[in-house]
Amino acid sequence: MERIDLNMDIRIEAFYGEEREGYHVQPLLKRIWAVQLDMLKEVDALCRRYRINYYGWYGTLLGAVRHHGFIPWDDDLDLAMLRDDYERFRYHIKTELPEGWEIVEHEPTLTCLFNTKNIRLDQDFLARSHGCPFKAGIDIFCLDRVPQDPIEEQVQLNLCWMVYILCLNWDLPEDDEQWADKSKWDHLKDIEEFSGYHFDRQHPIKEQLYFLGDRIAAMYWDVEADTMTNVPWLHSDPHYRIPRSLFDRVIKVPFEDTMLPILEDYDLLCRLSYGDDYMTPIKECTHDYLKKQVEYLRDHFKTRGEKFPEVFDMTFE
């Protein structure tokens, strides 16, 4: 990493800590938010250019309707697209990716966009990222059609789940307890037997798992269907079904310093994900990628015998 000029003026008033909903939002988190909002505006511009529809989803949807912005203790941004929009978005973003951005596809039906591949301390990057040296990103989930036949649905869900779980765990070492009963290679053979798909052992398996899982989720892309879902999510929660008609009614609501498209019947979505009392805040966050980055940078400065800059620090409860 390059050395940073610690006299650089990145102590901007907009990034002072503040209290929201009885929670102290730390300056670093506000910098992360600022980067993500910049990214959202880039995504929005591309989507408007190609008439691609997207919607605030999961925690971002909840933040929009409950806080008119980020949930005070959340550190990521979630969007969703229907399959046809999702496919077109992936095509265009790969050819028009803003400089320095990274696309990560490590789970079926999920595309992650990051503003950088690595932590960066160079002045140019810090100047355009609000003084934030860390990776910040947007998760974009794909929504697919649920087949009308319950038997077809169950076959699809079971097969997609097999692929999804193996894809998530593939990088674990072979002596991990995950593989105590059956090796990952045996799981791979099971998938080949059930799906008829052959994995090329000479090429990265995880990439092939991602591809196969995504294709399984998209199996009913062109059939009539009354409901939509994120297929891996539906396997875990059989009630996670969104009426197709809801996507015909979209509104825009304030989200921090911009406007975010959401489904007009957001109440149904929030109840599906967070229960009937979704307007009552529960202070928790399950993400740890920001914590890992902060710890990594602390160690980086420590090994160089330098003081860790306060503007890059954050406490995690």
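This is a predicted model: local features need pLDDT of at least 70, side-chain atom pairs count only at pLDDT 80 or more; totals for chains, interfaces and linings use all residues.
Q: How many helices and strands are there in the protein chain?
A: The protein chain has 10 helices and 11 strands.

Q: Why is Y164 called buried, and why is W161 called partly exposed?
A: Buried means under 20% relative accessible area, exposed means over 50%, and partly exposed lies in between (1.4 Å probe, protein chains only). Y164 has 14%, so it counts as buried. W161 has 24%, so it is partly exposed. In the protein chain, buried residues make up 50% of the 317 residues.

Q: How do you know that the aromatic pair of W161 and Y164 is stacked?
A: The structure holds 14 aromatic pairs. In the pair of W161 and Y164, the ring centres are 5.4 Å apart and the planes are at 25°. Rings of Phe, Tyr and Trp (its six-membered ring) pair if their centres lie within 6.5 Å; planes under 30 degrees apart are stacked, over 60 edge-to-face, and the rest tilted.

Q: Where do W161 and Y164 lie, and how many residues apart are they?
A: Both lie in helix α5 (residues 150–169), three residues apart, which is about one turn of the helix. An α-helix has 3.6 residues a turn, so residues three or four places apart point the same way.

Q: What makes K184 count as a charge over the ring of W170?
A: The rule asks for NZ of Lys or CZ of Arg within 6 Å of the ring centre and within 35 degrees of the ring normal. K184 lies over the face of W170 at 4.6 Å from the ring centre. R304 likewise lies over the face of F301, at 5.9 Å from the ring centre.

Q: How do you know that strands β10 and β11 pair?
A: Two strands pair if DSSP finds at least two bridges between them. Six bridges join β10 (residues 250–255) to β11, and the strands run antiparallel. One of the bridge partners is T258 in β11, which faces F255. The hairpin has two residues between the strands, and E256 takes a positive phi near 55° there.

Q: Why is strand β11 said to be largely enclosed?
A: Five of the six residues of β11 (residues 258–263) are buried, so the rest of the structure largely encloses the strand. I262 is found in β11; its relative accessibility is 0%, so it counts as buried. Leaving aside neighbours within four places in sequence, I262 is in contact (heavy atoms within 4.5 Å) with G56, L61, V65, R249, V250, I251 and V253.

Q: What makes helix α2 mostly covered?
A: Of its 10 residues (58–67), 10 are buried. Y58 lies in α2 and has a relative accessible area of 7%, so it is buried. Y58 also has a positive phi of about 45° although it is not a glycine. Just after α2, H68 takes a positive phi of about 60°.

Q: Is D214 buried or exposed?
A: D214 lies in helix α7 (residues 205–217) and has a relative accessible area of 2%, so it is buried. Beyond its neighbours within four places in sequence, the contacts of D214 include R83, Y86 and T109. The C-alpha atoms of D214 and T109 are separated by 5.5 Å, while the residues are 105 apart along the chain.

Note on methods
Residues are numbered from 1 along each chain as its sequence is written. Side-chain values use heavy atoms; hydrogens and water are left out. Helices (H or I, at least four residues) and strands (E, at least two) are DSSP runs, numbered from the N terminus.
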